[in-house]
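Subject: Structure handover

Hello,

Here is the structure we spoke about, for you to look through. My notes follow below it.

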Amino acid sequence: MAEQLEVDVFWSFRSPWSYLATPRLREWQERFLLKVNLRVVYPIAIRTPEFFDQVQPQWFSYFGKDVRRVAEFLNLPFVFPKPDPVIQLVDEDGRRHTAPEQPYIHRLSWLGVLAEEMGAGIEFADEVSSLIWGGTKDWDQGDHMIKAAARAGLDLSAMEERLHSETDRLEAEIVKNQADHHSVGHWGVPTCAFEGEPFFGQDRLDVLLWRLQQSGLTERVEH
C-alpha cells in the first residue's frame with residue numbers, strides 16, 4: 001500500500017497569497033495520498049509591524065497589481081477585504097501602523113488552529129479565506145462565517161465556545177507554529193515544508209508537487 005505523505009503549510013488569514021494557494025492545496029489533499037497540515041501564523045503586520053516602515057515606496061502599488069494579476073491568472077475572485085483582518089492606521093506621511101486593538105485576526109487564527117485539530121484545517125482555511133478575499137463585504141457579519149465553517153464540515157458555534165476556555169492553549173500553538181516556521185528556513189506565507197525543505201510562495205507549489213512526486217506521491221484510489 002502506498003504511503004501517505006505530509007506537508008506543513010505555514011499560513012495566514014491576512015495573506016492574499018495564502019488565499020490564492022489554498023484551493024490547490026485542498027485539491028491535492030482530496031486527489032492524492034497527502035495530508036496538508038495547516039500551521040496558522042500571525043501575519044507580518046502583527047509579527048513584525050515595523051516591516052511597513054522599511055519597504056520601498058513602490059512596494060504597495062506593485063503588490064496590489066501583482067496579486068490581482070495572479071488571481072486573474074488562477075481564475076479566482078479577488079477583492080481587498082472589508083473589513084481588513086488586520087486593522088492598520090495610515091499616518092500623515094502615508095505609512096501604515098498596526099492598530100493596538102485587533103478584533104479579527106486573533107479570533108480567525110485561533111479558529112484556524114481549532115479547525116486543524118478537528119481534522120478540517122485546510123478546508124476551513126479555504127472556505128474562510130475565500131470569504132475574506134473573494135469579495136464578500138462585511139464577511140464578519142451575519143451568517144457568512146457560520147456557512148463557511150459548515151462548508152468545511154465544522155460547527156462554528158461549538159468552535160466559538162471552545163475559544164473562551166482554550167485561548168491560552170491556542171495562542172501557544174500559534175507561537176509554536178511561528179517558531180517552527182522560522183526553523184524551517186523562511187518567514188513569509190504561505191511557506192510549505194516537506195521533510196524539512198521550505199517552498200515559499202504560491203508560485204512554488206508546482207515545484208513542491210514535483211518534489212512530492214519524486215518522493216512517491218500517488219493518487220487516491222476511488223472505490
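Gly142 counts as exposed because its relative accessibility is 73%, where exposed means over 50% relative accessible area, buried under 20% and partly exposed in between (1.4 Å probe, protein chains only). Gly142 sits in the loop between H6 and helix H7 (144-151); helices (H or I, at least four residues) and strands (E, at least two) are DSSP runs, numbered from the N terminus.

Some notes on how to read the values. This is a predicted model, in which local features need pLDDT of at least 70 and side-chain atom pairs count only at pLDDT 80 or more, while totals for chains, interfaces and linings use all residues. Residues are numbered from 1 along each chain as its sequence is written, and side-chain values use heavy atoms, with hydrogens and water left out.

The sheet

Four strands make up an open sheet, ordered S2-S1-S5-S6, with mixed pairing; two strands pair if DSSP finds at least two bridges between them. Strand S2 (34-40) and S6 are the edge strands, each pairing on one side only. From one strand to the next the twist averages 25°; axes here are lines fitted to C-alpha atoms, for helices over the stretch in contact, and angles run from 0 to 180 degrees between N-to-C directions.

S1 and S2 run parallel and are joined by seven bridges, with Leu5 partnered by Leu34 in S2. S2 is mostly covered, since six of its seven residues are buried. On S5, strand S1 (residues 5-11) pairs in the antiparallel sense over three bridges, and Phe10 is opposite Thr191. S5 and strand S6 (residues 197-200) are also antiparallel, with four bridges. Across that pairing, Thr191 faces Phe200 and Cys192 has Phe199 as its bridge partner. The hairpin of S5 and S6 has two residues between the strands, and Glu195 takes a positive phi near 50° there.

In a regular strand, side chains alternate between the two faces of the sheet. In strand S5 (residues 191-194), Thr191 and Ala193 point one way, Cys192 and Phe194 point the other way, and all are buried.

Helices on the sheet

H1 lies across S1, S2 and S5 and runs at about 150° to S2. Helix H6 (residues 121-133) packs on the sheet and touches S1 and S2, its direction making about 60° with that of S2. Contact means heavy atoms within 4.5 Å.

The largest pocket

The largest pocket has a volume of about 870 Å³. A pocket is an open set of points on a 1 Å grid over the protein atoms alone, where a 1.4 Å probe fits, with protein on both sides within 12 Å along at least five of seven lines; lining residues have an atom within 4 Å of a point. Grid points are joined across faces, edges and corners, and the volume is the space filled by probe spheres set on the points.

Its lining has 30 residues, and Pro16, Trp17, Ile44, Trp59 and Phe63 lie nearest the centre. Helix H1 (16-31), helix H2 (44-47), helix H3 (51-54) and helix H4 (59-73) are the elements giving two or more residues to this lining. H4 gives the most, with six residues.

Regards
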